[in-house]
Amino acid sequence: MKFIISPLIAIIASLSCNSKVPESEIGIDTKAQIKNKLVPQKDTTIEYSIDGLSSEGIRAIAKYFQGKIKKCTISIYGETGQNRIYYTFDEGKINVVEKHFIYKAGIESVKTENGLKLNKQFSYVLDINGIVVGKAESDRSDIFFEFKKVVSFKIKYERI
């Protein structure tokens with residue numbers, strides 16, 4: 001009996017050390033990270049400030065999924081209005097929508113969207129280097145190179 005219990009305990013201990021967590025208990029996004037012991041990557045939003053282009057300021061709000069930028073909303077504040085640029089990143093290209101607003105009153109009186117009036121809207125495509133693909137409006141807000149200097153396209157997670 002003694003000879004049977006010792007090998008049986010060794011086999012059970014060996015199996016428990018090599019057991020896998022059932023896939024149903026591991027989220028799809030975390031399988032690779034558990035293998036590499038990375039902190040699970042979650043959707044993340046980061047706000048950036050882009051200096052030097054507008055005296056009233058430029059704010060970029062970037063949304064990341066699995067460590068890569070997916071969308072970014074850029075607000076360029078001006079004395080008489082505001083431009084919003086929406087970047088959607090998609091496999092080597094960036095779909096861009098620009099909206100140009102004018103203030104119904106002065107900049108200091110704008111507290112909500114109701115203080116803005118849409119003046120113009122258009123869309124175009126950039127390659128990942130910021131070069132226009134096809135046709136774009138001549139008065140588009142060409143800030144991609146300054147944007148790229150400040151906003152990270154990938155964010156890293158620390159090992160645990």
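In strand E7, Val133 is the bridge partner of Val125. This pairing belongs to a predicted model, in which local features need pLDDT of at least 70, side-chain atom pairs count only at pLDDT 80 or more, and totals for chains, interfaces and linings use all residues. Residues are numbered from 1 along each chain as its sequence is written, and side-chain values use heavy atoms, with hydrogens and water left out. Strands E6 and E7 (residues 132–133) pair in the antiparallel sense over 2 bridges. Two strands count as paired if DSSP finds at least two bridges between them. Leu126 stands opposite Val132 in E7. The hairpin of E6 and E7 has 4 residues between the strands. Within this hairpin, Gly130 takes a positive phi near 90 degrees.

The protein has 3 helices and 7 strands. Helices (H or I, at least four residues) and strands (E, at least two) are DSSP runs, numbered from the N terminus. Along the sequence the pattern is α-α-β-β-β-β-β-β-β-α. An open sheet of 7 strands has the order E1-E2-E3-E4-E5-E6-E7, with antiparallel pairing. Its edge strands are E1 (44–49) and E7, each of which pairs on one side only.

Inside the sheet, E3 and E4 run antiparallel and are joined by 7 bridges. Thr73 stands opposite Tyr86 in E4. The two strands, E3 and E4, form a hairpin with 3 residues between them. E4 then pairs with E5 (residues 93–103), in the antiparallel sense, over 10 bridges. Here Arg84 stands opposite Lys99 in E5. The hairpin of E4 and E5 has 2 residues between the strands, and Glu91 takes a positive phi near 40 degrees in it. E5 and E6 also run antiparallel, joined by 11 bridges. Leu126 in E6 is the bridge partner of Ile94.

Burial was assigned from relative accessible area: buried means under 20%, exposed over 50%, and partly exposed in between (1.4 Å probe, protein chains only). Of the 160 residues of the protein, 29% count as buried. Strand E4 is largely enclosed by the rest of the structure, because 7 of its 10 residues are buried.

The largest nonpolar core holds 24 residues. Such a core is a set of buried Ala, Val, Leu, Ile, Met, Phe, Trp, Tyr and Cys residues joined through side-chain atoms within 4.5 Å. Ile69, Cys72, Ile74, Tyr87 and Phe147 touch the most other members. The elements that give two or more residues to this core are E2 (58–65), E3, E4, E5, E6 (116–127) and helix H3 (144–150).

Contacts (heavy atoms within 4.5 Å) were also listed by residue. Residues up to four places away in sequence are not counted for Ile74, whose partners include Ile58, Ile85, Tyr87, Ile143 and Phe147. Among contacts between residues at least 6 apart in sequence, 37% join residues at least 24 apart.

Leu126 lies in strand E6. Leu126 is buried, with a relative accessible area of 1%. Among the residues it touches are Tyr87, Ile94, Val96, Val133, Arg140 and Phe144. Leu126 and Tyr87 are 39 residues apart along the chain, and their C-alpha atoms are separated by 9.3 Å. Arg140 is found in the loop between E7 and H3. Arg140 is buried too, with a relative accessible area of 19%. Beyond four places in sequence, Arg140 touches Glu98, Phe122, Tyr124, Leu126 and Val132.

About 260 Å³ of space lies in the largest pocket. On a 1 Å grid over the protein atoms alone, a pocket is an open set of points where a 1.4 Å probe fits, with protein on both sides within 12 Å along at least five of seven lines; lining residues have an atom within 4 Å of a point. Grid points are joined across faces, edges and corners, and the volume is the space filled by probe spheres set on the points. The lining consists of Lys68, Ile69, Lys70, Phe89, Asp90, Glu91, Gly92, Ile128, Phe153 and Lys154. The elements giving two or more residues to this lining are E3 (68–77) and E4 (81–90). E3 gives the most, with 3 residues. By class, the lining has 4 nonpolar, 1 polar and 5 charged residues. Here Ala, Val, Leu, Ile, Met, Phe, Trp, Tyr, Cys and Pro count as nonpolar, Asp, Glu, Lys and Arg as charged, and the others, Gly among them, as polar.
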